[in-house]
Amino acid sequence: IELKSGILNIFLRTGVVFTQVDLWLGLSYCDGKWNEVAVSKEGSVISATMNELREQALEPRVQQLKVNSPVYVGGIPPEIQSFYRELGLEQGFGGCMKDVKFTRGAVVNLASVSSSAVRVNLDGCLSTDSAVNCRGNDSILVYRGKEQSVYESALQPFTEYLYRVVALNEGGSVSSAWTHARTRESVPQNVPTPSRAHSINGYSIEVTWDKPAGVIGVIEKYILKAYEADGPTVPITSAELADAGMLTGTLRGLHPFTNYAVTLTACTLAGCTESLHALNISTPQEAPEDVQSPTAISFPTFLLMSWSPPKTPNGIITKYTLYMNGIPIYSGNGTKYVVKDLAVFSAHQFLLTACTLAGCTNSSQVTLFTAQLPPSHVDAPVLTVLDSRTIHVQWKEPVEVNGILDHYIIYMATNEQNFTKWNVIYNSTELFLDFTIPQLSPGTEYLIKLAACTGGGCSVSEASMAITDESTPEGVPAPKAQSYASDSFNISWTKPEYPNGIITSYGLYMDGVLLQNSSHLSCYAYGLAPWSLHSFRVQACTAKGCALGPLVEARTMEAAPEGMVDVFTTVDGSKEVQLKWLAPNKPNGKLTYTVLVTGLFYADQ
């Protein structure tokens with residue numbers, strides 16, 4: 001539905017059928033009074049009426065009209081205008097509306113159900129000047145000249161104006177249809193301070209204010225803001241009230257027993273303005289929140305109790321009450337108390353109550369124990385050697401635990417470290433009575449002891465000894481072969497990285513032949529040719545078998561070459577001689593050659 005140039009246009013599309021109804025109005029509606037518009041579809045008849053005027057169209061093909069989307073009154077949002085290109089959509093409605101209703105249902109309150117309002121006064125017209133502005137005889141000349149556009153300023157905010165253009169020459173003139181435009185709203189001025197505020201409780205207040213005077217436009221919403229007095233300039237909480245007809249609102253999310261400064265902000269589509277001054281109010285006290293459970297330092301026969309103030313006191317704490325096993329044992333303003341004459345490792349239930357003038361709040365109940373002691377005695381563990389790398393450890397629970405058994409610890413030391421360093425290899429709260437120690441070294445002596453622990457400490461047993469079975473050595477090193485003469489080697493090596501038992505012998509292989517088999521870590525090889533290449537490998541043996549190390553190669557030192565160097569010469573011309581020679585019979589190393597020449601040499605003059 002569009003009202004343009006004195007014509008009320010109705011466009012109706014159902015399926016592929018398009019129907020249009022045009023009702024000529026002229027300027028009859030510009031009389032400063034309310035006008036009633038009705039649009040209806042009854043079967044194949046689509047009609048439009050305004051006051052006493054009526055127009056209708058008959059379209060037999062028109063289908064049933066089903067509305068399953070939002071209803072837009074006064075205009076269409078920009079984001080969906082591309083779907084309705086056949087409509088003019090030049091400008092949204094700029095007048096006043098009231099008493100909108102459909103066939104079914106009550107009268108719609110636009111101020112409460114609309115999601116947005118643009119250039120529409122939903123409370124009624126601002127003035128009755130429109131009756132004068134509609135009459136062409138009272139129009140004001142805005143521009144005279146040859147340009148085709150004009151910019152008019154100094155207009156009143158949120159006011160509707162009618163314009164038309166008259167083109168004239170010496171032969172006469174022609175006028176355009178009247179077109180209307182409404183100026184935008186202005187930002188509210190002189191927003192008043194809230195007139196009254198009273199506390200609903202410690203967390204919310206009800207605020208009342210007066211409607212701002214002189215607002216040109218439609219107030220879209222009010223915003224209440226609460227600032228902490230002498231606090232930061234950022235509001236602690238705010239409330240946005242979309243119903244501009246209400247002059248009372250509630251601010252929630254406040255803190256009890258706190259001073260606040262409350263301001264009012266009024267908003268139009270042009271912007272918002274906050275009141276220059278604030279209304280001060282103090283929220284009342286409430287019962288404390290987040291009361292912390294008491295804690296204690298435990299001793300065998302007494303508890304040193306203490307507690308912290310509530311995280312959110314919500315007022316002035318007047319007293320604390322401490323309950324033990326449901327019976328109050330302390331009442332006052334202190335935060336410590338000693339509970340005496342208790343049994344060793346006995347459980348007791350405690351609860352703390354914190355109070356303000358507004359009420360009291362309990363903490364959660366907590367169970368506290370007097371101190372534990374370590375077990376009286378722990379038997380040494382029983383060790384079983386499973387293979388060369390595994391020992392099975394078994395033990396018994398202590399007879400006198402003296403508390404709650406919390407965990408077991410197994411300590412282990414080896415002869416490789418002379419039993420001076422004890423390592424923790426097991427620490428578990430699952431309270432099993434056995435454990436298998438994997439990845440041990442074969443042929444190694446181990447000392448193992450057990451610790452049983454309660455909340456009061458640990459008791460350690462005597463050590464038990466076990467020796468893992470021997471195995472073949474691992475990590476046999478590569479030998480170092482060093483030649484200090486042209487006919488011999490000094491070969492040395494170290495122990496295997498993992499002997500896996502007692503090494504019974506070392507074997508040295510040279511060029512695949514066993515050269516030495518003994519317990520020594522070195523060997524001397526001699527009678528070799530100069531600069532000769534040889535390979536070496538070490539073998540280490542325990543009672544369980546032998547293992548070979550990596551193969552290395554080395555050469556003896558060089559010696560002077562043996563034999564003659566035969567030289568052959570060939571004359572290639574008047575200035576060149578070619579020399580060739582044969583290597584000596586025994587090079588005894590890497591050869592390099594030096595050619596010595598003597599005699600007269602030719603040179604260019």
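A disulfide, as the word is used in this tour, is a pair of cysteine sulfur atoms within 2.5 Å. The model on screen is a predicted one, in which local features need pLDDT of at least 70 and side-chain atom pairs count only at pLDDT 80 or more, while totals for chains, interfaces and linings use all residues. Residues are numbered from 1 along each chain as its sequence is written, and side-chain values use heavy atoms, with hydrogens and water left out.

**Stop one: a hairpin**

Select residues 45-50 and 53-58, which are strands β5 and β6, running antiparallel and joined by 6 bridges. Strands here are DSSP runs (E, at least two residues), as helices are (H or I, at least four), numbered from the N terminus, and two strands pair if DSSP finds at least two bridges between them. Now move to the turn, where 2 residues lie between the strands and Asn-51 takes a positive phi near 55°.

**Stop two: the annotated domains**

Colour residues 191-286, 287-373, 374-475 and 476-562, which the unreviewed UniProt entry annotates as "domain: Fibronectin type-III". The UniProt positions are given in the numbering used here, with feature names shortened, and such annotations may be inferred rather than shown by experiment. In residues 191-286 the chain is 0% helix and 48% strand, and the end C-alpha atoms lie 33 Å apart. Residues 287-373 are likewise 0% helix and 48% strand, with 41 Å between the end C-alpha atoms.

**Stop three: an open sheet**

Next select β27, β28 and β31, which make up an open sheet of 3 strands in the order β27-β28-β31, paired antiparallel. Because β27 (382-387) and β31 (434-437) stand at the edges with a single partner strand each, one side of each is left without a neighbour in the sheet. Neighbouring strands of this sheet are turned by 20° against each other on average, direction ignored; the axes are lines fitted to C-alpha atoms (for helices over the stretch in contact), and angles run from 0 to 180 degrees between N-to-C directions. Strand β28 (residues 390-394) is joined to β31 by 4 bridges, and Gln-394 stands opposite Asp-434 in β31.

**Stop four: the cysteines**

Finally, show the cysteine side chains: a search of the whole structure finds 4 disulfides, including the ones visited below. For accessibility, buried means under 20% relative accessible area, exposed over 50%, and partly exposed in between (1.4 Å probe, protein chains only).

- Cys-355 and Cys-360 are joined with 1.9 Å from S to S, and the link is right-handed, at 110° about the S-S bond. Cys-355 is buried at 3% relative accessible area, whereas Cys-360 is partly exposed at 47%.
- Cys-453 and Cys-458 form a disulfide, 1.9 Å from S to S, right-handed with 110° about the S-S bond. Here Cys-453 is buried, with a relative accessible area of 0%, and Cys-458 is partly exposed at 42%.
- Cys-541 and Cys-546 have their sulfur atoms 1.9 Å apart, in a right-handed link with 110° about the S-S bond. Cys-541 is buried at 6%, while Cys-546 is partly exposed at 43%.
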